[in-house]
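Here is a friendly question-and-answer walk through one model.

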Amino acid sequence: MTVGDRNPLGRLVKLWLPLAISLLFTLFPFYWMAVTSLKPNQELYSRKVMPLIVHHPTLKHYVDLLTETGFLVWTWNTFVVAVVSTAISLIFGAMLAYPLARVRFAGAALVSFAIAATYLVPQPLLFVPLADIINSLGLGDTLTSVILTYPTLLIPFCAWLLLGYFRTVPGELEDAARIDGASRLQTLVKIVLPLCGPGFISAGIFAFTLAQNEFLYALIFLTKTEVRTVPVGAISELVRGDVFYWGQLMAAALLGSIPVAIIYSFFVEHYVAGLTAGSVKG
Amino acid sequence: MTAPSLAPAPSGSLGARRRPAFSLGRWFEQPNVFSWLMVTPPVLFLAALVGYPFFYGIWLSLMDRPVASEGRFIGLGNYAQAWHDPVFWQVVINTFVYTAVATLLKMFGGLGLALVMNQDFRFKNLTRALLLLPFIVPTVLSTIAWQWILDPAFSIVNWTLIALHLITPPGPSWLGNTHLAMASLIVVNVWRGLPFYAITLLAGLQTISPELYEAATIDGASAWGRFRYVTVPLMKPVIFIVTMFSVIFTFADFQLIYVLTHGGPANATQVFATYAFDIAMNGGQLGQGAAIALTMVPPLALLILAMAIYLRPDKTT
């Protein structure tokens, strides 16, 4: 399939044309976010001007978003929640994955089945009982509510991914460490973990983007502006009544996407490795 | 599932006949002890926040339980109510249409894009990174952009079609018309999910040895033959896994629909998750909402089973 097609017309039809269409479809919404966020309102809601470009760019929507709404607080909340729940998930994920990867123990099959089942339980199945539980624990409108529940979405993935990485560490290395008197825990911490850095980066990036993306639990558990995350804040507070503040909404959409996009751009390879690990391995 | 209790090590000469002394360190080194000490905290965490809510949800679904009041056990009453609720059956149909059409589009579109991407060209890595953007950006935020793209008054799609003289002003209301609303949701779902398919399938394609294609070519296989008898069989396991994830998460989709249509117009895009949310959170009927959410399980299980039969990796074709 990768045999070079020297015929330029064939190359155009088989490669460049489909790629161009895909990229246009993929990227247009982002372009549209940027363009909209830079337009003054009279241009935004005018049918007379050509809408595809900005005629009189303004940063007014960004200024309003940052000064008149809770956007900065939401961004901080989102960041805190994503970092803490990713950290919890990496630690718990590793604690599940290492014994499964390296130790023969009674009940291993049960544990891996439980992880797979947890992975496949869709969120909408759990939100009603969870809302009741969170409320009865008095955790409504606290960041703790989402910091506790997000890892349930992330741990199975982290465990699965790290399992693959732990298995790539040569068993001889661990045997050698054990013979030299290292305990299992020392072997894990001093030998295995340092070799699995890329695995932790992949799992961490993936978990971080998932946590930034979560909406349903945040929508239900967080109803006050000071605890909201960006997606919930944007959807509930930048739409007042029936009025959509499109300029601000697009500014929020763009600014809310940028942190994820930047982190992602630094670690694309790790992200893709994480994305494909589950489905391509073996 | 109980963890071995971590009793303080007896300091006496217990077991002194066979071993020098009982050593906590050595006890800790036993495979079962070490492993269960490691896995118990995360297992308990998941049991408390996934296992318990799941069974509590089943219990709730058997109750008449308005929010902030005592529940009353009503057996299968909530399920019976759903069975006689015409909106519920609309929800079932909507969810199946949404899942089936979006998944098929993503599967074929993703495979097509993966085949395109599996050629050598400049800026391949950059292209791949850009194509994945819809998948990594928070869904709600990109969906808000789509809502604006499909806005009834200022849709850029309508503006473009009008400018090209393809439609007459003002053009269709993409999210306000019952049929178009479902189609629009499917397009946005495909926009978001297709990169995942394409990039994962591309990774699968890259694991196929070029020698297999060379051998097939020598045996006289055409491009289609190589695709049909080399690519497809070898890609089946990957396609199966990706499709399973996609089906589960499309079937249970919430955020995209909640943002774009809230299930409207007139329940035309109401699916399990949005309907359960409406009843439980907006209507305050926790028991009924839990029941609606749980009715998702049997059809989802059937779908996965059907897929497992048709796309079974070991099935020889």
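Q: How many residues of domain 1 of chain A are in contact with domain 2 of chain A?
A: In this predicted model, seven residues of domain 1 of chain A are in contact with seven residues of domain 2 of chain A. The count rests on C-beta atoms placed from the backbone, which must lie within 7 Å. Domain 1 covers 8–58 and domain 2 covers 62–280 in the domain assignment of chain A, and their centres, taken over C-alpha atoms, are 32 Å apart.

Q: Which elements give two or more residues to the side of domain 1 of chain A that touches domain 2 of chain A?
A: They are α1 (8–37) and α2 (41–44) of chain A. The largest share, four residues, comes from α1(A). By class, that side of domain 1 has three nonpolar, three polar and one charged residue.

Q: Why is B:Tyr229 called partly exposed?
A: B:Tyr229 has 15 other C-beta atoms within 10 Å. Buried would need 20 or more, and exposed 12 or fewer. The value of 15 lies in between, so B:Tyr229 is partly exposed.

Q: Where does B:Tyr229 lie, and which residues does B:Tyr229 touch?
A: B:Tyr229 lies in helix α11 (residues 223–251) of chain B. Leaving out residues up to four places away in sequence, B:Tyr229 touches B:Ala216 and B:Ala221. From B:Gly71, B:Tyr229 is 158 residues away in sequence and 59 Å away in space, C-alpha to C-alpha.

Q: How do you know at what angle α2(B) and helix α14 of chain B pack?
A: Lines are fitted to C-alpha atoms over the stretch in contact, and the angle is taken between N-to-C directions. For α2(B) and α14(B) (residues 286–294), this gives about 115 degrees, with the axes 8 Å apart. The crossing of α2(B) past α14(B) is left-handed.

Q: Which residues make the contact of α2(B) with α14(B)?
A: From α2(B) come B:Gly57, B:Ile58 and B:Leu60, while α14(B) brings B:Leu286, B:Gly287, B:Ala290, B:Ala293 and B:Leu294.

Q: What makes two residues of this contact polar?
A: The contact divides into six nonpolar, two polar and no charged residues.

Methods: Residues numbered from 1 in each chain as written. Chains lettered and ligands numbered in written order. Predicted model: local features only at pLDDT ≥ 70, side-chain atom pairs only at ≥ 80, totals over all residues. Domains from an automatic or database assignment. Contact = placed C-beta atoms within 7 Å. Nonpolar A, V, L, I, M, F, W, Y, C, P; charged D, E, K, R; others polar. Axes fitted to C-alpha atoms, helices over the stretch in contact; angles between N-to-C directions. Left-handed = near helix turned anticlockwise from the far one by under 90°.
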